[in-house]
Amino acid sequence: MSLVVFDPTNSKHTALIPSFADIHIQCIEIDETIATFMPPLNRHVIIDWWKERAFDAAEGKRVIIMAFSEDTDGAEQLAGFVILYRPLIEPSPFRGTVEKLLVSPKFRRQGLARKLMEKLEEEAKARGQTLLTLDTTTGGSAEMVYPKLGYIQVLV
Ligand SMILES: CC(C)(COP(=O)(O)OP(=O)(O)OC[C@H]1O[C@@H](n2cnc3c(N)ncnc32)[C@H](O)[C@@H]1OP(=O)(O)O)[C@@H](O)C(=O)NCCC(=O)NCCS
């Protein structure tokens, strides 16, 4: 498994945008995750949404961290990702928001989410973002996962 920060100027990275959309779609359709879109899903709209995130990465508003893993044929592929968001008008520069921690169903329970969040925290700290917040839905797997990664629930 390897972790790479998405570089919007790297054409190999931007070529992965449809794969971001496909994992996003799987998490909504298979896990019923509430992640911006609700079924029926339009893949083109979700691809466009990821293009906007790539644009934000170029602007320095978002950091997208990718996890790559080998499938059963030994081919390395995008297996999951997470976004660190820093609103540029935010008056508290120490704040960061965690968005779209999504791991492909093919690569679950292998520690990818943990590794992605460790890398996100490293990137956040390097940017002076020492308070990270996120929201998730009651009853989803994420509600079980985030406490294991050290996050505490503050509101229901
Ligand atoms: C939640 C999600 C990101 C976890 O990804 P993952 O790579 O399988 O998680 P990890 O293997 O890194 O597991 C991290 C910890 O959570 C635990 N865990 C993982 N999935 C779990 C589940 N469904 N129920 C309970 N615990 C779980 C693991 O055991 C591990 O704890 P440990 O290290 O103490 O053993 C993944 O299931 C997913 O993408 N779900 C759909 C989308 C979603 O809900 N995203 C988050 C909010 S948007």
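Which residues of α2 are buried? In this predicted model, they are Phe 20, Ala 21, Ile 23, His 24 and Cys 27. Viewed along the axis of α2, these buried residues lie within an arc of 165 degrees, so they line one face of the helix.

**Helix α2**

- The length of α2 agrees with expectation, because 15 residues at 1.5 Å a residue should span 21 Å and the end C-alpha atoms of the helix are 21 Å apart.
- Ser 19 also belongs to helix α2, but this residue counts as partly exposed because it has 17 C-beta neighbours inside 10 Å, whereas a buried residue needs 20 or more.
- Between Ser 19 and Leu 84 there are 19 Å in space, C-alpha to C-alpha, and the two residues are 65 apart in sequence.
- Glu 32 follows α2 and has a positive phi, near 60 degrees.

- Strand β2 (residues 62-70) pairs with strand β1 (residues 2-5) in the antiparallel sense, through four bridges.
- Within this pairing, Val 5 has Ile 65 of β2 as its bridge partner.
- Strand β2 is also joined to strand β3 (residues 76-85), again antiparallel, by nine bridges.
- Across from Met 66 stands Phe 81 of β3.
- The hairpin formed by β2 and β3 has five residues between its strands, and Gly 74 in this hairpin adopts a positive phi near 85 degrees.
- In a regular strand, side chains alternate between the two faces of the sheet.

**Surroundings of the ligand**

- The ligand is surrounded by 22 residues, of which the closest are Arg 108, Ala 113, Ser 141, Ala 142 and Met 144.
- Helix α5 makes the greatest contribution to the shell around the ligand, with five residues.
- By residue class, the shell around the ligand comprises 10 nonpolar, six polar and six charged residues.

**Links between the topics**

Definitions and conventions
Residues numbered from 1 in each chain as written. Predicted model: local features only at pLDDT ≥ 70, side-chain atom pairs only at ≥ 80, totals over all residues. Pairing = 2+ DSSP bridges. Helix = DSSP H or I, 4+ residues; strand = E, 2+ residues; numbered from the N terminus. Near = placed C-beta within 6 Å. Nonpolar A, V, L, I, M, F, W, Y, C, P; charged D, E, K, R; others polar. Buried ≥ 20, exposed ≤ 12 C-beta atoms within 10 Å, placed from the backbone. Expected span 1.5 Å × (residues − 1). Arc of directions from axis to C-beta.
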